[in-house]
Amino acid sequence: MSLSAAMKTAQSSFSNVGLQSAVASKNIANASNPAYARRAAILATATSGATVVETQRAQNEALLKQNLLSISKSAGQDTLLSGLTQIKMMMGGEDYELAPSTYLAKLRDNLQTFADKPNEVSLAETVVSDATDVVNSLNGTSHALQKLRSEADADIDGAVKELNRLLGEFRTQNDKVKQGTASGTDVNDALDQRDKLLTAISAIVGVTAVNRTNNDLALYTSDGTVLFETVARTVTFEPQTTYTAAVDGFPVYVDGVPIQPGAGGNTNAQGSIAALLQIRDNVAPTFQNQLDEISVALISMFSENVETPPGSGTFVPTDGLFTWSGIPTVNSPGLGAVIKVNPDVITAQGGNAMLLRDGINATFNLDDNASFSELLNGYASGFETTTTFDPDTAIDTTGTILTFATGSVGWLEQLRSAATTAGGDKTALLGRTQEALLNVTAVSLDEELALLLDLEQSYKASAKLVAAVDEMITALLQAAG
């Protein structure tokens with residue numbers, strides 16, 4: 001090897017060590033950054049030895065796609081479970097002590113006691129109080145459900161705005177990647193930012209990424225709708241100002257195609273938007289329908305058959321212990337929110353609780369008999385009478401009112417239990433997927449520090465080579481002089 005060749009080799013080594021040290025230092029500086037993918041300086045053989053030809057970014061497309069899918073499924077499941085837990089808390093939590101079924105059971109028991117002792121005013125007051133508890137449970141849960149729907153609607157609005165913002169930033173980074181790849185410049189930082197945005201997008205809506213020329217990405221929703229292709233597609237949503245049982249929410253459109261709500265306890269929703277739509281348009285309305293059906297049954301059970309007009313022989317069902325206000329008919333959506341106890345039996349409102357025994361709309365106890373219990377026994381037997389309920393309630397359509405009310409709690413608990421189990425499974429899968437991806441892309445401080453030690457040794461060897469060449473040149477000059 002000539003002295004000039006030795007100098008070129010040493011110069012190349014210094015340059016490589018510098019570039020490799022810079023890459024290692026950047027890796028170490030970003031060791032705690034989850035959006036950063038480890039870099040590696042790639043060497044190739046040249047006339048003067050090895051040389052750094054590129055800085056390569058650690059990545060695995062298959063693991064990245066699996067991670068995006070796991071993120072969207074886990075986000076959808078967690079969103080649904082949160083909504084179901086809120087509904088459960090409306091009714092008292094683990095024991096459902098505030099559920100209509102709990103108060104209905106108390107009403108039935110105390111009504112039977114009153115029927116056995118129909119002359120006890122205190123028992124009449126107890127039955128009216130129990131009826132008020134049932135109504136308060138139905139009213140409170142109904143209002144809370146509509147509030148939950150309103151909150152879900154607001155969350156959808158926020159998610160859509162965030163999705164549009166992320167897609168705008170995604171375009172910026174995607175353009176940088178395309179232009180840099182085409183010109184041969186380093187695009188690793190832009191790739192990091194693009195993948196970070198892709199992760200955030202997948203938590204809002206299920207997304208599939210398709211790689212094209214010059215590292216360009218096209219994005220599609222889980223149902224195949226174009227979300228991003230060169231430019232972001234428009235995601236639109238119109239929020240509702242207020243919610244009642246009769247109000248339907250508007251859909252979310254991606255490029256004019258509606259996002260479908262999730263379905264089931266182990267929801268198929270990918271991303272938070274589909275799960276929020278499931279809560280707003282499926283879960284809460286179904287539960288509201290169940291409350292409404294309980295209300296319809298109560299009003300019917302405690303109605304009084306009054307001869308109208310008197311002496312005509314025609315008997316018309318008339319509101320008894322329970323009535324309602326505000327909505328047109330007993331079958332209107334949202335009856336659970338407006339059902340109430342008839343003021344005629346509420347002492348605090350000038351009523352008389354004993355009318356429950358004798359008749360509210362007409363006098364059935366014509367002889368003012370203290371042991372008259374015909375109406376009370378009829379009401380008590382109503383709790384054992386099989387009733388037909390709306391098929392859209394998603395539970396048994398025939399049964400007693402208590403069976404139906406208990407089935408409503410069972411429906412919610414079954415749905416929540418399935419969501420809890422699925423949530424654990426999807427969280428675990430996400431954890432394993434993220435771990436596998438990090439094993440490929442994350443920075444290992446031990447490896448980087450070991451590399452720096454190797455580079456230090458390489459630098460020392462090159463320095464010794466330069467020193468040896470310097471001594472040789474000096475000796476030659478002295479000999480020539």
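Phe302, Phe322, Tyr379 and Phe383 form one aromatic cluster; rings of Phe, Tyr and Trp (its six-membered ring) pair if their centres lie within 6.5 Å, and planes under 30 degrees apart count as stacked, over 60 as edge-to-face and the rest as tilted. The model is predicted, so local features need pLDDT of at least 70 and side-chain atom pairs count only at pLDDT 80 or more, whereas totals for chains, interfaces and linings use all residues. Residues are numbered from 1 along each chain as its sequence is written, and side-chain values use heavy atoms, with hydrogens and water left out.

**Exercise 1.** Classify the ring pair Phe302 and Phe322, and locate both residues.

*Solution.* Step one: the ring centres are 5.3 Å apart and the planes meet at 75°, so this pair is edge-to-face. Step two: Phe302 lies in the loop between H6 and strand S10 (304-307), and Phe322 lies in strand S12 (residues 322-324), 20 residues apart; helices (H or I, at least four residues) and strands (E, at least two) are DSSP runs, numbered from the N terminus. Step three: Phe302 has a relative accessible area of 0% and is buried, and Phe322 is likewise buried at 0%. Here buried means under 20% relative accessible area, exposed over 50%, and partly exposed in between (1.4 Å probe, protein chains only).

**Exercise 2.** State which residues touch the most other members of the largest nonpolar core, and what Phe383 contacts.

*Solution.* Step one: a nonpolar core is a set of buried Ala, Val, Leu, Ile, Met, Phe, Trp, Tyr and Cys residues joined through side-chain atoms within 4.5 Å. Step two: among the 63 residues of the largest core, those touching the most other members are Leu104, Leu298, Phe302, Phe322, Val341 and Phe383. Step three: several elements each supply at least two residues of this core, including helix H3 (100-116) and strand S13 (339-341). Step four: beyond its neighbours within four places in sequence, Phe383 is in contact (heavy atoms within 4.5 Å) with residues including Leu104, Leu107, Met301, Phe302 and Ile401.

**Exercise 3.** Compare the span of H2 with its expected span, and describe what lies at its start and what follows it.

*Solution.* Step one: H2 has 30 residues and reaches 44 Å from first to last C-alpha, close to the 44 Å expected at 1.5 Å a residue, where the expected span is 1.5 Å times one less than the number of residues. Step two: at the start of H2, a side-chain oxygen of Asn60 comes within 3.2 Å of the backbone nitrogen of Ala62. Step three: Gly92, which follows H2, has a positive phi near 105°.

Terms used
Polar contact = N/O pair within 3.5 Å; in protein donor to acceptor, adjacent residues only side chain to side chain.
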